[in-house]
Amino acid sequence: MSHDSHTAPRICPLCEATCGLTLTIEGTTVTGARGDRDDIFSRGFICPKGASFGGLDADPDRLRVPLVRGDDGELREAAWGEAFDRIAARMPDLVKAHGPQAVGVVLGNPNVHTMAGSLYPPLLLGALRTRNVFTASTLDQMPKHVSSGLLFGDAHAIPVPDLDRTDHLLLIGANPLESNGSLCTAPDFPGRLKALRRRGGTLTVIDPRRTRTARLADRHVPIRPGADALLLAALAHTLIDEKLADPGPLAEHLEGLDELAAALAGFTPEAVAAACDVDADTITAIARELAAAPTAAVYGRIGSCTVEHGTLASWLVDVLNILTGNLDRPGGALFPLSATARAPRAAEPGTRNAAPGKGFALGRWSSRVSGHPEAKGELPIAALAEEIDTPGEDRIRALVVIAANPVLSAPDGDRLDAALADGLDFMVSVDPYLNETSRRADVVLPPPPPSQSAHFDFAFNSFAVHNQVRYTRAAVPLEDGRMDESEIHARLILAVSGMHGAPPSAVDDLAVDTALARAGAPKELAAGLTGESGPERRLDLMLRLGPYGLTLEQLLAHPHGIDLGPLKPRLTEVLRTRSGRVELLPAPIAADLPRLRRALGDRPAPLVLVGRRHLRSNNSWMHNVGSLTGGSNVCTLQIHPDDAARLGLADGDTARIESSGGGIEAPAEITDTVRSGVVSLPHGWGHSRPGTRMSVAAAHPGANVNQLLDGTLLDPLSGTAVLNAIPVSVTPAH
């Protein structure tokens with residue numbers, strides 16, 4: 001280390017694992033990153049993304065000043081004041097002329113990886129009063145939110161597997177050795193799975209690909225893609241039919257157990273075997289193993305979510321946890337309690353049941369064109385293009401896109417790209433890159449690199465496998481000419497709401513006053529809040545009002561985090577259903593089961609496509625880091641040797657893939673890690689459009705798998721785009 005070198009702790013913002021890093025800094029440049037051995041959660045673990053923190057932080061393609069579209073139609077650099085002046089001059093007038101529904105808001109995956117991205121978008125939506133909200137959730141996790149909302153009355157009450165104490169873990173559609181976990185925040189997921197095996201536990205993986213995770217398993221079941229809900233229904237049926245179901249103490253909190261048994265009648269292992277391509281004996285054995293394990297947890301993720309029956313599959317994951325008595329008990333699936341969570345609710349007076357809540361409702365409004373029902377206040381992002389390019393009242397004329405690249409991440413990017421180019425009167429993008437979506441904006445507001453931002457994981461602490469809390473301030477000072485991400489968001493809110501020119505602190509003050517009023521706390525508490533910024537004051541308030549009564553000063557005194565203990569049973573605290581009980585067979589689920597039953601008779605397509613995750617990537621926004629390119633992080637079409645021989649493809653040949661939305665080409669990678677009848681392409685590629693400024697990504701563009709989709713195929717309950725088990729044809733390219 002040189003004489004001006006020093007180190008600083010930083011929570012990694014590059015995936016859901018939230019590992020602690022130790023950054024090496026020379027002057028104001030991050031020159032290295034290693035795992036923080038003193039971090040109370042990650043204990044020194046680091047993956048290739050975290051190790052590349054410095055490269056991402058110093059990426060020369062990151063925008064440093066705003067861009068504003070000139071009269072000539074070209075984007076040019078501008079001062080911050082000019083950028084916000086432009087927004088203030090356009091957005092309020094558009095809303096006044098056409099109403100709040102003329103504005104759409106798109107929130108991307110990186111929002112939950114930054115402090116500002118978690119704190120400010122809700123305030124922006126409140127200022128705009130629009131119902132046209134689209135997020136990455138309908139490309140990923142919305143089925144889990146919907147199923148949790150229907151079961152527990154709270155779409156955010158998502159139980160996570162107690163990885164460190166379970167005896168039996170069943171993973172379906174999940175590959176945490178590549179993804180590092182999702183809706184299950186667990187640094188060193190590989191090490192935790194290996195520890196499960198060392199203590200004599202069992203790992204079962206259900207996946208059409210023999211992933212790195214599957215290779216670690218005691219049992220790998222190569223299911224036919226898209227049949228997850230059928231297999232899970234058969235497991236639940238077997239538990240009930242063989243009288244292996246034993247909810248234990250959960251029984252007094254359940255409603256609809258008898259109705260559930262009737263609803264699952266007919267989903268026998270024999271009935272689903274052909275559709276799943278899993279023999280009945282294997283299905284029965286898995287059910288019996290779950291029931292016999294001292295503790296067990298079932299965990300499903302994106303492979304079981306982004307399919308036609310994604311919400312049913314997500315619901316059945318928790319049905320299995322309930323039927324085996326493993327929901328809300330150590331070693332099973334538990335509800336984390338983060339330091340900024342709302343205070344726990346009391347049980348119903350005189351009982352152990354939760355007090356009745358407001359419950360969870362779907363379809364409170366619908367999209368304008370296709371009538372898609374909202375879920376959790378959001379509309380399907382697959383419907384964004386039609387909401388812009390279809391004429392009529394309340395057509396989206398203005399768009400605010402924050403840390404999102406839907407031209408690549410949503411179905412039919414060609415249509416959306418054309419809609420953004422020709423169908424909007426005004427567009428604002430908050431993004432560090434000029435990417436395939438932000439290149440269409442009239443104003444681009446670039447946040448600083450992560451080393452120059454404070455970090456707190458509001459979202460991921462709610463999914464953590466161990467209760468803990470950590471906060472890191474910016475590792476280096478804000479560079480001259482940069483604007484803090486929180487100030488960007490605050491000024492944007494002021495600009496769109498007609499309060500342009502007010503100090504950014506006014507937004508945070510309003511948020512503090514609102515939080516105090518909702519909590520019934522005295523206004524005087526605001527005067528005692530500490531912190532160097534509005535976001536820190538807001539964090540301090542949330543900690544004080546939270547279940548542990550912590551303060552910002554305590555977090556600052558513990559730079560490697562505070563251990564809040566293992567997960568504990570707390571079902572009655574999280575229940576918000578109208579009955580105050582777990583509603584096992586909610587009406588929307590019951591109404592959708594006949595559709596699943598009809599799938600028993602479907603004739604499988606000869607060839608279907610599934611996605612895959614890369615350890616050294618996180619969707620489209622990390623393809624511009626040179627140190628993470630190459631190796632396994634490539635956009636190839638994985639295809640089984642038997643299928644390749646039948647189709648006349650050799651390894652490295654260019655394959656032509658076609659489906660309902662169009663056709664793309666990609667190099668063939670022949671491998672028996674995919675089962676026959678299945679091909680696999682990764683998500684987030686296709687960096688070949690002109691006008692971007694991502695030189696590394698453009699040099700390795702890959703193919704946009706989502707261009708194979710026309711956006712019409714959705715899981716009806718959640719509005720999630722069907723990205724897996726897509727029928728395709730594959731031929732040698734000419």
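**Salt bridges, a positive patch and overall form**

At 29% relative accessibility, Arg 473 counts as partly exposed (buried is under 20% relative accessible area, exposed over 50%, partly exposed in between, with a 1.4 Å probe and protein chains only). This is a predicted model, in which local features need pLDDT of at least 70 and side-chain atom pairs count only at pLDDT 80 or more, while totals for chains, interfaces and linings use all residues. Residues are numbered from 1 along each chain as its sequence is written, and side-chain values use heavy atoms, with hydrogens and water left out.

**Salt bridges**

- Side chains of opposite charge can pair when their charged atoms come close.
- The structure holds 35 salt bridges (a side-chain nitrogen of Lys or Arg within 4 Å of a carboxyl oxygen of Asp or Glu).
- Arg 473 meets Glu 532 in one of them, at 3.3 Å from N to O.
- Arg 473 sits in the loop between strand 18 (467–469) and helix 19 (485–496), and Glu 532 in the loop between helix 20 (505–519) and helix 21 (534–545), so this pair ties together parts that are 59 residues apart in sequence.
- Helices (H or I, at least four residues) and strands (E, at least two) are DSSP runs, numbered from the N terminus.
- Glu 532 is exposed, at 65% relative accessible area.
- Arg 440 lies in the loop between strand 16 (426–430) and strand 17 (443–445), and Asp 417 in helix 18 (residues 413–422), so the pair links parts that are 23 residues apart in sequence.
- Asp 417 is buried, at 7%, whereas Arg 440 is partly exposed, at 28%.

**Positive patch**

- Lys 194, Arg 198, Arg 212 and Arg 215 form a positive surface patch.
- Patch residues have over 30% relative accessible area and no salt bridge, and like charges are joined within 9 Å.
- Helix 8 (189–198) and helix 9 (212–215) each supply at least two of the patch residues.
- Lys 194 lies in helix 8 and is partly exposed, at 41%.

**Overall form**

- The protein chain has 26 helices and 29 strands.
- Its radius of gyration is 25 Å, close to the 27 Å that the globule rule gives for 734 residues, so the chain is as compact as a globular protein of that length.
- That radius is taken over C-alpha atoms, and the rule is 2.2 Å times the number of residues to the power 0.38.
- Of the 734 residues, 60% count as buried.

Technical notes
Patch = residues over 30% accessible without salt bridge, like charges linked within 9 Å, V, L, I, M, F, W, Y side chains within 5 Å. Areas by Shrake-Rupley, 256 points an atom, 1.4 Å probe, with all protein chains shown as cover. Lys, Arg positive; Asp, Glu negative; His and termini not counted. Charge placed at Lys NZ, Arg CZ, Asp CG, Glu CD.
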